[in-house]
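Here is a friendly walk through one protein model. Have a look at the picture and then read on.

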Amino acid sequence: EDEQKLADALLHLFVEFGALKSLDAAAAPVQSQVKCLQDFITEHCYTCSNKILLGLGKMYSGGGALSESIDEASGEGTALFVARVIDIYCAARS
């Protein structure tokens, strides 16, 4: 039950990314959402460094079941959008 709540909360973060897709990937609200994602992962799973976050972005957009799940919940193209905004977020902090 706790795992399902955690999964639902994580998926909700992607739904919020989906609502931001019309904005520029470097826009403050979009970049703030990346920080929310990183903080969520750090708080509930493991320390999510920028390096780990970049790897997760590649996973999100890599195709297959994960990408499909993100896009199904959040709208077509959200997985690719999230990967792009994560790249921008991490590049600004390196």
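What follows goes from the whole chain down to a few single residues.

## What you are looking at

This is a predicted model, so to speak of local features a pLDDT of at least 70 is needed, side-chain atom pairs count only at pLDDT 80 or more, and totals for chains, interfaces and linings use all residues. Residues are numbered from 1 along each chain as its sequence is written, and side-chain values use heavy atoms, with hydrogens and water left out.

## Overall build

The chain has five helices and zero strands, where helices (H or I, at least four residues) and strands (E, at least two) are DSSP runs numbered from the N terminus. Reading from the N terminus, the order is simply α-α-α-α-α. The C-alpha trace spans about 35 × 30 × 25 Å along its principal axes.

How does the radius of gyration fit a compact globule, and what is the value for the chain? With 94 residues, a compact globule would come out near 12 Å, and the chain has 12 Å, which agrees. That radius is taken over C-alpha atoms, and the globule rule is 2.2 Å times the number of residues to the power 0.38.

## Inside, outside and contacts

Of the 94 residues, 35% are buried. Buried here means under 20% relative accessible area, exposed means over 50%, and partly exposed is in between (1.4 Å probe, protein chains only). The accessible surface of the chain is about 5,400 Å², and carbon and sulfur atoms own 57% of that surface. Accessible areas come from the Shrake-Rupley method with a 1.4 Å probe, and for residues only the protein chains shown count as cover.

A contact means heavy atoms within 4.5 Å. Among the contacts in the chain with a separation of 6 or more, 57% are between residues 24 or more positions apart.

## Charges

The chain carries 7 positive and 13 negative side chains, and the centres of the two sets lie 10 Å apart. In this tally Lys and Arg are positive, Asp and Glu are negative, and His and the chain ends are not counted. Each charge is placed at NZ of Lys, CZ of Arg, CG of Asp or CD of Glu.

## The cysteines

How many disulfides does a search of the whole structure find? The search turns up zero. A disulfide is a covalent bond between the sulfur atoms of two cysteines. For the search, the cut-off is a pair of cysteine sulfur atoms within 2.5 Å.

Take C36 in helix α2. The closest cysteine sulfur to that of C36 is in C48, 13 Å away, so the two are too far apart for a bond. C36 is partly exposed, with a relative accessible area of 36%. From C36 to K21, 15 residues apart in sequence, the C-alpha distance is 16 Å. For C90, the closest cysteine sulfur is also in C48, at 8.0 Å, which is too far for a bond. C90 is buried, at 4% relative accessible area.

Is Q33 buried or exposed? Q33 is buried, with a relative accessible area of 8%. This residue is found in helix α2 (residues 28-44). Leaving out residues up to four places away in sequence, Q33 touches L13, E16, F17 and L20.

K58 sits in helix α3 (residues 50-60). With 56% relative accessibility, K58 counts as exposed. The C-alpha atoms of K58 and I86 are 9.2 Å apart, with 28 residues separating the pair along the chain.

## The end of the chain

S94 is in the segment after α5 (78-91), and S94 is exposed, with a relative accessible area of 83%. Between the C-alpha atoms of S94 and N50 there are 8.3 Å, though they are 44 residues apart along the chain.

R93 also lies in the segment after α5. R93 is partly exposed at 44% relative accessible area, and R93 touches Q31 and N50, not counting residues up to four places away in sequence. From R93 to A65, 28 residues apart along the chain, the C-alpha separation is 30 Å.
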